[in-house]
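Have the sequence and the 3D view open as you read.

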Amino acid sequence: MVRRGHGGVSWAMAAKATLHCLTGCAIGEILGMVIGTALGWGNAPTMILAIALAFLFGYSFTLFAVRRAGLDFKTAIKVALAADTVSIAVMELVDNAIIALTPGAMDAHLSDGLFWSALLGGFGIAFLITTPVNKWMIGRGKGHAVVHAYH
């Protein structure tokens, strides 16, 4: 038996929405961190690029899915923004805070285990914190709930 909470939303449904968000965020953020680090950029520009790409990839996953379902581009953008903004923002805030607070992680190079452990550890913690946020939002008809009509 699946235990349901907020508006009948299961933890599995919330975790699936969070995993969807995490996938886009991770691709964008890793790409941004790799590009910034490889180019020798400072911490601030690298993080800005990583966060921007996390939002771009996060929104793109939803955008492509709802476009496949037949939505026009303008409506698809509105749905993606409504579905993912809070989830991506929470994910990025938590993940980047973990990286910033991990001693030495901001100065680690791509070949350092510390770079990857801080990044991946941040994703794990962000997933755990963002899942209840998504559960609460979906239960109120917000966040990923707006995408469900197009699946």
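Start at the loop between helix H1 (11–38) and helix H2 (43–68): this is where you'll find Trp41. The model is a predicted one, and in it Trp41 comes out as partly exposed, with a relative accessibility of 40%.

Now for the cysteines. How many disulfides does the model have? The count is zero. Take Cys21: the nearest cysteine sulfur belongs to Cys25 and sits 3.9 Å away, and Cys21 is in no disulfide. Cys25 is in no disulfide either, its nearest cysteine sulfur being that of Cys21. Are these two buried or exposed? Here is how they come out:

| Residue | Relative accessible area | Class |
|---|---|---|
| Cys21 | 2% | buried |
| Cys25 | 0% | buried |

Finally, how confident is the predictor? The protein chain has an average pLDDT of 89, and 93% of the residues score at least 70. Among the elements of the chain, helix H4 (residues 113–139) has the highest mean pLDDT, 94, while helix H5 (residues 145–148) has the lowest, 73. Then there are residues 1–6, where pLDDT stays under 50. For that stretch the model has eleven contacts beyond four places in sequence.

Conventions
Residues numbered from 1 in each chain as written. Predicted model: local features only at pLDDT ≥ 70, side-chain atom pairs only at ≥ 80, totals over all residues. Heavy atoms only, no water. Disulfide = S-S within 2.5 Å. Buried < 20%, exposed > 50% of the residue type's maximum accessible area, 1.4 Å probe, protein only. Helix = DSSP H or I, 4+ residues; strand = E, 2+ residues; numbered from the N terminus. pLDDT = per-residue confidence, 0-100. Contact = heavy atoms within 4.5 Å.
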